Amino acid sequence: MPSQDATSPAAIPNGFGAAAVLGAGIGGFALAVIAIAADRVPALGRVLDFYKPTGPLSGVTTTALAIWLIAWAFLHARWQNRNVALGSIAAAAVILFVLGVLLTFPPLGDLF
Amino acid sequence: MHGMGFGALYLLACSGAIVELWRRYRPDGPGEISRRDEAFLRGYLLVMAGLAWLTVFTGAYVIYPWYRAVPPPGTSDLAGFPQRLLLSSATTIDWHSVGMEWKEHVAWLAPISITMACAVFFKYGRHLRSQPHLRNVVLCFLLASFLTAGIAAFLGAMLNKNAPVAGGRVIQIVTEGK
């Protein structure tokens, strides 16, 4: 029986990739949700005004980036050495990301 | 530098990365992928991620404060105050309320997706050929990155056409009640 190379395709679980992909989907969706929330709730907009010259956009993006990185790190810790159901995870990630793109479009975001 | 430098380079690089990942890394792709080819794409994606982050950070923290500068009371010439200039006319108000409002958020989706694509490629490299589902979803995110960067670039160009951001040394901050 041939020995398996540590870097052969079968030796690399898809969990690393799945965590990165779903993390990006979560990050994209979080950005849109936080942007809408900051626009709807003036108090939240003021809280997210991290850097005055840029205004609430600074807090919206910083918070979304933090959520993205935390979600990615959490999923990475759970999945990095495993094979996971990539099909459903990829579908969820793409849906979340597309929703993020659509919800950042003001006429759609304003519906909420 | 923000748009015509980092942003334009990113858009140009995007098409190259999409073609390379689609053509060479598909399961029945042409020929063997050498370590040199793999290293090239790793470096290429890393530079792209750097360009994407430089674009959004310079946009949000250098250009945007100039865009939203507040004119001193009594100012009639709003040429140096792009946001106020757009808001001053019914024919241009949507360039701010739709154009800039979309641009300032959608642009951030590009670096998120290219960073993910870069990380996945660093891990899997040539082995993406044997992970077609993973390659396909990375390609989807690369396309989304291209699309979101394209939207931001187009809106940026149109906004600059209607109300040029000239920049300056003094930045006045928007404050409520003033």
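**Questions on a predicted structure**

Student: Which residue meets Arg42(B) in a salt bridge of 3.5 Å, N to O?

Tutor: This is a predicted model, in which local features need pLDDT of at least 70 and side-chain atom pairs count only at pLDDT 80 or more, while totals for chains, interfaces and linings use all residues. Residues are numbered from 1 along each chain as its sequence is written, chains are lettered from A and ligands numbered from 1 in the order in which they are written, and side-chain values use heavy atoms, with hydrogens and water left out. A salt bridge is a side-chain nitrogen of Lys or Arg within 4 Å of a carboxyl oxygen of Asp or Glu. The side chain that meets Arg42(B) in this way, at 3.5 Å, is that of Glu38(B).

Student: How many residues apart are Arg42(B) and Glu38(B)?

Tutor: Both residues lie in helix 2 of chain B, where helices (H or I, at least four residues) and strands (E, at least two) are DSSP runs, numbered from the N terminus. Their separation is about one turn of the helix, namely 4 residues.

Student: Why does Glu38(B) count as buried?

Tutor: Buried means under 20% relative accessible area, exposed over 50%, and partly exposed in between (1.4 Å probe, protein chains only). Arg42(B) is partly exposed, with a relative accessible area of 21%. Glu38(B) counts as buried because its relative accessibility is 5%.

Student: Over the ring of which residue does the charged end of Arg42(B) sit?

Tutor: A charge sits over a ring if NZ of Lys or CZ of Arg is within 6 Å of the ring centre and within 35 degrees of the ring normal. The charged end of Arg42(B) lies 5.7 Å from the centre of the ring of Phe122(B).

Student: Over the face of which residue does Arg26(B) lie?

Tutor: Arg26(B) forms a salt bridge with Asp28(B), the closest N and O atoms being 2.9 Å apart. Asp28(B) counts as exposed, at 59% relative accessibility, whereas Arg26(B) is partly exposed, at 26%. At 5.6 Å from the ring centre, Arg26(B) lies over the face of Trp22(B).

Student: Which residues are linked with Asp39(A) in a network of salt bridges?

Tutor: Asp39(A) forms a salt bridge with Arg40(A), the closest N and O atoms being 2.8 Å apart. Asp39(A) is partly exposed at 49% relative accessibility, and Arg40(A) is partly exposed at 33%. The network links Asp39(A) with Arg40(A) and Asp110(A).

Student: What is the angle between the planes of Phe16(A) and Tyr124(B)?

Tutor: Rings of Phe, Tyr and Trp (its six-membered ring) pair if their centres lie within 6.5 Å; planes under 30 degrees apart count as stacked, over 60 as edge-to-face and the rest as tilted. The structure holds 13 aromatic pairs over all chains. One of them crosses between chains, from Phe16(A) in helix 1 (residues 15-40) of chain A to Tyr124(B) in helix 5 (residues 109-124) of chain B. This pair is edge-to-face, at 6.2 Å centre to centre, with an angle between the planes of 65 degrees.

Student: Are Phe16(A) and Tyr124(B) buried or exposed?

Tutor: The pair crosses between chains A and B. Both Phe16(A) and Tyr124(B) are buried.

Student: How many residues apart are Tyr25(B) and Phe121(B)?

Tutor: Tyr25(B) and Phe121(B) form an edge-to-face aromatic pair, 5.2 Å centre to centre, with 80 degrees between the planes. Both of these residues are buried. The pair joins the loop between helix 1 (2-24) and helix 2 (35-67) of chain B to helix 5 of chain B, across a separation of 96 residues.

Student: Why is chain A more spread out than a compact globule?

Tutor: Chain A has 5 helices and 0 strands, and its C-alpha trace spans about 65 × 25 × 20 Å along its principal axes. The radius of gyration is taken over C-alpha atoms, and the globule rule is 2.2 Å times the number of residues to the power 0.38. For 112 residues the rule gives 13 Å, so chain A is more spread out than a compact globule, its radius of gyration being 18 Å.
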